[in-house]
Structure formats: structure tokens, C-alpha cells
Amino acid sequence: MTHSHTPQAPQPHVAFEDLSTADLIVDALYAGGSRGNSGDDPISKLIPGVGNQGGFRHAGSPAQGTVRLSVLYTSGNDVDWPDYLDIDTGTFTYYGDNKKPGQGLHETSRAGNILLRDVFAASHLSAADRARIPPFLLFEKAASAGRSVRFRGLLAPGGPTLTSDDELTAIWRATAKDRFQNYRSHFTVLDHNSIPRSWIQHLLDGGNPLEGGCPEAWRTWVEGRVYKPLLAPQTTMIRSKAEQLPDDANGIALLEEIREYFRGREHDFEACAVAIWRLIAPSTGPVDLTRPSRDGGRDAIGTYGLGPATSRIAIDFALEAKCYSLSHSVGVREVSRLISRIRHRNFGVLVTTSHFNRQVQEEVHEDGHPIVLLAGRDIVDALRHQGRSTVPALRQWLEQSFPQP
């Protein structure tokens, strides 16, 4: 989910000719060249020897276990493999490099999946094993034109709240004919604002990663597997219409497919909304759909589990769904109905294929109502993270899960 934040001072902008001597500052912009060829890539100038193409860029060989430093680059616009940085928690989700059928999980040309396999395994061993894990540097394609990139931080594999099974998972995807596997990995952005040029060069020269200007957050992780994530807590939850809807044609098509599938029987969207909520909140327990209400909508009542399985408590919630067109916003009337149904120590969920107007968001936020507002973009993000990133895949899921009468 995208949130608005309090305005901050502009981040540094480093010119292309200064890249070879620049430190890495979190959120700083590093300019690409202007010649119109692969030599414009700024990452290869910032980190010599890692190459100028691909999502995985290594200094060293994953197959031989000699990687000294690794760059992860994400464009942020691969709808089939939606890399995602959660700035609230410091968690980065990254997909491996086996993105098409025809080869094995560990047979990719850049050997990125071999590197993921080995570093996540070593991260659970001794400090000496972790000391051989290369630091990961995360770069993201900048929104501006050209090949400029933004540095998003120093990554350590895994996270403080993840199990070993969750940190690295081999997931199945399918084309029209073939099934294949790729990795979904989770990293933590460590709390260190500046990576000194001296440490980068020290690593490239093969030096001890705990020396040469090593950031304290990396040392702490290597020595004790203690994560100190870089957190950016949200300060407001007011989103514009554009922030609540997909910003690409594929995302819009997915929402329109849902809308079309339930056209004329919008109350049946309730079951779909519950399924989408489960994707986002997997600890959701039993949910009961209630009878259609007089205004044409339907409600659902469910529970959300907290705590370990041996001592779990269930929090009740009410869910409502609005299968609206993209131009039809959810207003105060719809949300007020949900608010009236929430009892003490309960919460509410409102799922819509469209967006919420500003007044609704302000009232929910300022009055402290315990209501989750899921807009069209949230639905698309949840579907993409589950591999339902194309209209045919979504249609198949809808037909199998919510068959038409």
C-alpha cells in the first residue's frame, strides 16, 4: 500500500561525471549518461566490474562462491514479478532471475538464483559463514527519463520477523503450456544512511568486509544476525485518486476484468473481496457471508487471529465490498454504514475496485476509526504478488473460485 509522507528535504543528485568517486546515500539520485547506449548506465560507474545490464550484478562468481559485492537492480515495472520495497518495515521483496520457462531454477545465465540459494542458507549458520556473504546494494530505476537510478539501501538477506521458510521460497508460475519455478526472496534494508566509497573499493579489492569502513549495521548483522531495519513510518494515510488506482494499463485491465465479471451481480463480489483480503491478511480466520442487504450490497463477518497457535485470540471484523467503476469513488455514506456496524474491539475492512474520496479518508484517520481501506491499486498489488498478473490468469481464478450461477 502506498502512503503519503511528510515532505522532506530534497535528496542529493549526483552527476554522471562524479559517479566514480561518489558515496552511496539512501534515496539519492545518480544520473545516467546521455550518449544513448549501454555506457549511460550509472551503476557500472558507481560499482566497477558489476556490469551494466540485468537485475543481478555481481563482483565475482556465484557459481564459484567468490562474489564480493552484489547489486540488485529493480525497474519496479515488471508486473509478472513485482519487486516491492515496504518503507514502513524496511522489507524488500525481490524475485530471482528465472522468469521464463525453459530452464531449471538454478540454470540462469547470471546465476542470480544460485547466489540467493547460497546466501540465504549461509545466513543461518555461523558468523564466519555470514562474513562470506556479499553485501547487497539496492538500486531502483528513477521515475525521471533516461537511465538514472536511485539508491535505496544496504540489504541483508532475511528479516527479523520472518521464518526461514518465508525468507526464500521457490514458487511456481505458468505460461499457457509450461510450468516453471523462480525464487521469491525477502531482504531487510539496514539502517545506514551512507555507504562510503572507501568500503565499496575495499570490497571490490577483496578485503575483509568487516574492515575498511564497514557500516555498523552490517557488522551487527554478520556477527549476531541482528537486524536493524531502516524504517520510514507513515505520517498520514491520505491518498490521492492516482495513488489509489494502478498507474499502468495492465493494472487497469485487471480491475476492469473484475468489474466486468461481476457486472449485474455486484453483490457476488463480496466473496471475491474476502479472498483478496485473505491474500493481504493471511491470518484471517473463518468468514461468513451474510444475506444481501436492502441497498444491494453484502456484508461479511469474520475473525482475525493474533498470537501463536497454542494461545491464539480472535478479533472480530466486518467487511464490506463495493464493486465500482474506476470513476465512482466510495463516499461517506458507504463508510458510515460500516462504522455503525463496528463494535468495541472490532475493526472493519472496506474493499473497492475504485477509490475513496478525500473526505472519507480524513474522517477515518482523524476520528481514529479502526477501518482498513483497500482501493483498486491494493487489489492489483495483492493479485500480482500471488502470480495473477495477467487478464487470462485472473479470469481463470475468478471462474474457478467464484463460478457464475
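A: Helices (H or I, at least four residues) and strands (E, at least two) are DSSP runs, numbered from the N terminus. Axes are lines fitted to C-alpha atoms, for helices over the stretch in contact, and angles run from 0 to 180 degrees between N-to-C directions. This is a predicted model, where local features need pLDDT of at least 70 and side-chain atom pairs count only at pLDDT 80 or more, while totals for chains, interfaces and linings use all residues. Residues are numbered from 1 along each chain as its sequence is written, and side-chain values use heavy atoms, with hydrogens and water left out.

Q: OK, at what angle do α8 and α13 pack?
A: Helix α8 (residues 249-261) packs at about 30° to helix α13 (residues 391-401), and their axes are 10 Å apart.

Q: Which residues make the contact?
A: From α8 you have Ala253, Leu254, Glu257, Ile258 and Tyr261, and from α13 Val391, Leu394, Arg395, Leu398 and Glu399. Contact means heavy atoms within 4.5 Å. By class, the contact of α8 with α13 has seven nonpolar, no polar and three charged residues. Ala, Val, Leu, Ile, Met, Phe, Trp, Tyr, Cys and Pro count as nonpolar, Asp, Glu, Lys and Arg as charged, and the others, Gly among them, as polar.

Q: And which residues of α8 are buried?
A: Gly251, Leu254, Leu255, Glu257, Ile258, Arg259 and Tyr261 are buried in α8. Buried means under 20% relative accessible area, exposed over 50%, partly exposed in between (1.4 Å probe, protein chains only). The buried residues of α8 pack against α9 (269-280), α12 (376-385) and α13.

Q: How do α9 and α12 cross, then?
A: Their axes come within 9 Å, and α9 and α12 cross at roughly 65°. That makes α9 roughly perpendicular to α12. Ile276, Leu279 and Ile280 of α9 make the contact with Asp378, Ile379, Ala382 and Leu383 of α12. The residues of this contact of α9 with α12 divide into six nonpolar, no polar and one charged.

Q: New topic: why is α5 said to be largely enclosed?
A: Six of the eight residues of helix α5 (residues 197-204) are buried, so the rest of the structure largely encloses α5. In α5 the buried ones are Arg197, Trp199, Ile200, His202, Leu203 and Leu204. After α5 comes Gly206, with a positive phi near 85°.

Q: What about phi at Asp27?
A: Asp27 has a positive phi of about 75° although it is not a glycine. Most residues other than glycine have a negative phi. You'll find Asp27 in the loop between β2 (24-25) and β3 (29-30). Asp27 counts as partly exposed, at 23% relative accessibility.

Q: And Ala111, buried or exposed?
A: Ala111 counts as buried, at 11% relative accessibility. Ala111 has a positive phi too, about 60°, although it is not a glycine. Ala111 sits in the loop between β7 (91-95) and α2 (112-122).

Q: Last one: where is Pro157?
A: Pro157 is in strand β9 (residues 149-157). Pro157 counts as buried, at 0% relative accessibility. Leaving aside neighbours within four places in sequence, Pro157 is in contact with residues including Val119, Phe120, His186 and Trp221.

Terms used:
Parallel < 35°, antiparallel > 145°, perpendicular 65-115°, else oblique.
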